[in-house]
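Good morning, colleagues. Please take a moment to look at the chain on the screen before I go through selected parts of it.

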Amino acid sequence: MLVVWCPDWPVVAAAAPPDSLTAVVHANRVVACSAAARAEGVRPGLRRREAQGRCPELELLDHDPARDARAFEPVLVAVERLTPWVEVLQPGECAFPARGAARYHGGEPALAVTVTAAVHAAVEGRGGCQVGIADGTFAAGLAARHQAIVPPGGSRAFLAPLPVATLGRPDLADLLVRLGLRTLGDLAVLPGAALATRFGPEGARAARLASGLDEHPRGARRPPPDLRVTAELDPPADRVDVAAFTAKTLADELVARLDRLGLACTRLRIEAETDQGETLSRVWRHDPTTPPTRPSSPDPIPRAAFGGSPSLDPAGPSGRMAAVMTERVRWQLDGWLTGRTGHLPGTLTRLALSPDEVVPDRGRQPGFWGEETEAEQRAARALARIQGLLGPEAVHTARLRGGRDPADRAATLTPSDLPSSGVPAPDPATSSPGVPGHGPPGASRVGSGSLRGAVPWPGQVPAPAPAIVYAEPLPAEVVDATGATVAVDGRGLLGSLPSRLRIQGRAWSPITAWAGPWLVDERWWDPAAHRRLVRLQATTDQGGAYLLQLTGGRWWVEAIYD
């Protein structure tokens, strides 16, 4: 197998200049960073605050897998000109069998040079790529990280010195290290049956990968022809969100068919036809047990809206598999409709999903590495016992909800406040900026006064969320270099630059950095509830990060950051 890997692809997909100090973050951790940021000490896996401490000029961008997949489409088109058997491993990484292509191009080294040149031309100098060749996809992916061509039969020796963290299972790797198994070579010498007995399917997977084999045996079943699901798009779809509705229905139907046969899909083929007669096809490889990249994002597609498979449990294995499929299809549709090179494909008239490779669905070992663990079950039983002793109103559950203020976004609910689905009922006071009784939909004025009805909560504090929110704001003073109180004019502009901060009359702390201000003019249509305030984020030389609020001519500390 030959694997093409584009380092720091999220940064490249964000169109950041190669010499810029840029990092892409997700869940307050760095996912990828530019070469210039890496030279300043920034590394993937660092917490946001630590990365900013190492490089104060660092520009942080939110992780957007859809953007990464859309930008990767020109690279796939370029590689597809060399071989038709391209499969996407993840945005920024793809693979294809190297044997036939190497014969055509004059050997594996010549093929690697040809692929590298094609990818460099596709990205137009905005990033690079590394190519690796080995016996299996896993080994070839690691070979790409080292820009190596592993000779046939040499994958096990190549993998032997690499740490077990390369397996991509942090919990399993941590346990293996504590057991004294630090490298893939240490793992490969153990009997596969013993690892499977001790660790279940995760152990069997680790044994195969450490030995240089693919995750699934080469004898994986070819799918029966009746598993293909198709849908006609009438009228034709020219937008991703329109086609995604149909994709969600097809994914649910496909997963339901696989469940009935006891199968799991490891390679998904996505096909589409356009009104211009063009047929588009792409293969995505994925782990059927992997959760979607953003499980917390709301599903905009009602499950029962199409009469497909509403019985799939969103939190169960089938629901997660359908969500992962839908996510891949959406990424690919986005790439076809907006990310192709040369020309647009037109509108989509037909969409089809078919499993290109299936394996027996052995499920996952429940309660071992995640999902509903034994500790969670014990906690649930303990909460039930407390409810029985003290009454249901004595137990409160924390839930996130809508709101502009950090304090409004967290609520403690009792079991009686939760509907049967386990999702808290919408709060009539904060469920949406455009609910009845709150004035015109999306009518809050933000910043310079522009209306932003398309944003769910205009004026909401930007990410990341504060770690501690005070029930009662702390009085504070913010002054400039001359000692005068920093004021904000009617346009939301600072009258002077913040220089020092004092909280509750304590010692002054110099302000080292600040962001904002953000002006919020809330419920201006209701004189009784009208509120006008300004927020400012500031850090001091003591390492503290604060969310400040100016209202009524006085400064307050509303929250602090971790």
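This is a predicted model: local features need pLDDT of at least 70, side-chain atom pairs count only at pLDDT 80 or more; totals for chains, interfaces and linings use all residues.

**A buried ionic pair and its surroundings**

The side chains of Arg 267 and Asp 356 meet in a salt bridge, at 2.2 Å from N to O. This pair links distant parts of the chain, with Arg 267 in strand β9 (residues 263-274) and Asp 356 in strand β11 (residues 348-360), 89 residues apart. Which residues belong to the network of salt bridges that share partners? Glu 87, Arg 267, Arg 269, Arg 285, Asp 356 and Glu 357 are joined into one network in this way.

Let me place this in the context of the whole chain. The structure holds 23 salt bridges. The protein chain has 15 helices and 21 strands, and 44% of its 562 residues are buried. If we take contacts between residues at least 6 apart in sequence, 57% of them join residues at least 24 apart. The accessible surface amounts to about 27,900 Å², and carbon and sulfur atoms account for 55% of that.

Arg 70 and Asp 334 meet through their side chains, with an N to O distance of 2.3 Å. Here too the pair links distant parts of the chain: Arg 70 lies in helix α4 (residues 65-80) and Asp 334 in helix α14 (residues 317-338), 264 residues apart. Are these two partners buried or exposed? Arg 70 is partly exposed, with a relative accessible area of 25%, whereas Asp 334 is buried, with a relative accessible area of 12%.

The other case lies within a single helix. Arg 257 forms a salt bridge with Glu 253, and the closest N and O atoms are 2.9 Å apart. Both residues lie in helix α13 (residues 240-261), four residues apart, which is about one turn of the helix. As for accessibility, Arg 257 counts as partly exposed at 22%, and Glu 253 counts as partly exposed at 28%.

Next, I would draw your attention to helix α12. Seven of the 10 residues of α12 (residues 201-210) are buried, so this helix is largely enclosed by the rest of the structure. The buried residues are Glu 202, Gly 203, Arg 205, Ala 206, Ala 207, Leu 209 and Ala 210. What covers them? The cover includes α7 (137-145), α8 (155-159), α9 (170-178), α10 (184-188) and α11 (192-199). After α12 comes Gly 212, whose phi is positive, near 90 degrees.

Finally, I come to a sheet. Three strands form an open sheet in the order β3-β2-β4, with mixed pairing. Its edge strands, each pairing on one side only, are β3 (29-33) and β4 (59-62). On average, neighbouring strands of this sheet are turned by 40 degrees against each other, direction ignored. Strand β2 (residues 22-26) and β4 run parallel and are joined by four bridges. Within this arrangement, Thr 22 stands opposite Glu 59 in β4.

Thank you for your attention.

Key. Residues are numbered from 1 along each chain as its sequence is written. Side-chain values use heavy atoms; hydrogens and water are left out. Helices (H or I, at least four residues) and strands (E, at least two) are DSSP runs, numbered from the N terminus. Buried means under 20% relative accessible area, exposed over 50%, partly exposed in between (1.4 Å probe, protein chains only). Contact means heavy atoms within 4.5 Å. Accessible areas come from the Shrake-Rupley method with a 1.4 Å probe; for residues, only the protein chains shown count as cover. Two strands pair if DSSP finds at least two bridges between them. Axes are lines fitted to C-alpha atoms, for helices over the stretch in contact, and angles run from 0 to 180 degrees between N-to-C directions. A salt bridge is a side-chain nitrogen of Lys or Arg within 4 Å of a carboxyl oxygen of Asp or Glu.
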